[in-house]
Amino acid sequence: MTSLALHPPRGVPLKQDASIIGLVGLAHASSHFAHLLLPLMFPVFMKEFGLSYSQLGLLMTTFFVVSGLGQAVAGFLVDRLGARPLLYLAQGIFVLACSAAAMVTGYTGLLLVAALAGLGNATFHPVDFTILNQRVSAPRLGYAFSAHGLTGNLGWAAAPVFFAAISRLSTWRTAYLAAAVMYVCILMLLILQRDKLSTHTAVQHPDAPLEHSMAFMKLPVVWWCFSFFLLSTMTLAVVQSFSVSILKAMHDVSFEAATLTLTAYMLCGALGMFVGGFVAARTADSNRVVALAMASGAVLLALCGTGWLGARLSMVVLASTGFAIGIGGPSRDMMIKKATPKGAIGRVYGMVYSGLDVGSALSPL
């Protein structure tokens with residue numbers, strides 16, 4: 001067996017935990033920001049380079065395939081090298097991706113940007129959760145997972161505003177250069193606060209039997225969690241990508257009303273994650289919380305799908321589905337933590353969370 005210190009002693013000052021949670025949250029927000037580096041500019045690329053929807057779709061497939069494969073590999077590297085070096089590397093890759101996007105002249109260049117952004121994104125879940133599990137005190141871990149999910153949503157929300165504002169003031173290429181500068185600033189902040197981001201690596205005791213680094217993959221719970229992430233992400237991707245079209249087709253609502261419903265869904269999801277942090281911190285049975293949250297979300301989505309509720313009520317119920325699913329987010333992360341063998345945090349989180357990328361890649365099909 002391997003040995004790994006998972007938590008600091010109890011009684012850790014709130015300021016110390018809050019600083020670590022804030023730094024990891026900032027890094028997570030930057031990864032979600034990177035999810036939208038290319039999609040926000042799809043209309044520009046279609047006009048500028050004459051691209052088809054199929055070509056644009058391949059860009060995102062490239063992003064998620066590279067991210068999914070890289071995430072599983074990154075988990076092994078985190079356990080061997082520690083989380084901090086990979087966090088710095090990811091920010092540096094994002095700088096390269098944004099710089100390349102500012103200079104791109106055609107589709108080949110965009111494919112390179114997609115691959116770079118996917119590679120940078122690959123490290124974040126094993127890195128983030130390794131730092132949180134090792135550096136945040138156990139009583140505050142539920143709140144840490146809640147903040148982690150919230151900051152990811154904030155990264156999604158910030159990207160459209162950032163690119164729209166700078167593109168309007170200058171050009172889309174300037175917006176990418178500004179994004180590169182932003183990632184440099186984040187990298188510098190993380191380096192300055194490096195003492196808060198250090199983690200232990202797995203250590204093999206000399207008298208312990210040798211254990212293969214892939215042994216964790218024999219655990220059924222790892223594959224159950226992977227499947228959970230794959231299926232739940234496919235559902236989320238359907239809501240994010242197609243709910244506007246579905247609402248228009250089923251109830252003939254306006255584009256503006258359908259878009260506002262999707263925004264409300266995301267905001268309710270963020271509120272659910274906030275509430276879910278308190279639930280996770282006070283509930284021992286994480287599995288039951290996740291099951292109840294997902295079952296509630298499934299029932300609400302099914303009601304929307306029947307068409308029985310009418311336009312207005314369907315939009316309200318769809319938005320509230322985000323709250324139900326969001327509550328389960330922090331408990332979901334706690335569930336995986338409890339299932340993780342000592343010394344395999346990075347590997348397990350890397351493998352399990354690669355289900356997110358697989359689900360995102362499969363869902364449009």
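User: Which angles count as roughly antiparallel, and why are H11 and H12 described in that way?

Analyst: Angles over 145 degrees count as roughly antiparallel. In this predicted model, the axes of helix H11 (residues 286-306) and helix H12 (residues 310-339) cross at roughly 160 degrees and come within 8 Å. The crossing angle lies over the cut-off, and H11 and H12 are therefore roughly antiparallel to each other.

User: What is the handedness of the crossing of H11 and H12, and what classes of residue form their contact?

Analyst: The crossing in which H11 passes H12 is left-handed. Their contact comprises 13 nonpolar, nine polar and two charged residues.

User: What makes Asp252 exposed?

Analyst: A residue is called exposed when its relative accessible area is over 50%. For Asp252 the value is 69%, and the residue is therefore exposed. Asp252 is placed in the loop between helix H9 (220-251) and helix H10 (255-282). Its phi is near 55 degrees, a positive value in a residue other than glycine.

User: Which residues are in contact with Phe45, leaving aside neighbours within four places in sequence?

Analyst: With those neighbours left aside, Phe45 is in contact with Leu38, Gly50, Leu51, Leu56, Leu110, Trp172 and Tyr176.

Notes:
Residues are numbered from 1 along each chain as its sequence is written. This is a predicted model: local features need pLDDT of at least 70, side-chain atom pairs count only at pLDDT 80 or more; totals for chains, interfaces and linings use all residues. Side-chain values use heavy atoms; hydrogens and water are left out. Axes are lines fitted to C-alpha atoms, for helices over the stretch in contact, and angles run from 0 to 180 degrees between N-to-C directions. Helices (H or I, at least four residues) and strands (E, at least two) are DSSP runs, numbered from the N terminus. Angles under 35 degrees count as roughly parallel, over 145 as roughly antiparallel, 65 to 115 as roughly perpendicular and the rest as oblique. A crossing is left-handed if the near helix is turned anticlockwise from the far one by less than a right angle, and right-handed if clockwise. Ala, Val, Leu, Ile, Met, Phe, Trp, Tyr, Cys and Pro count as nonpolar, Asp, Glu, Lys and Arg as charged, and the others, Gly among them, as polar. Contact means heavy atoms within 4.5 Å. Buried means under 20% relative accessible area, exposed over 50%, partly exposed in between (1.4 Å probe, protein chains only).
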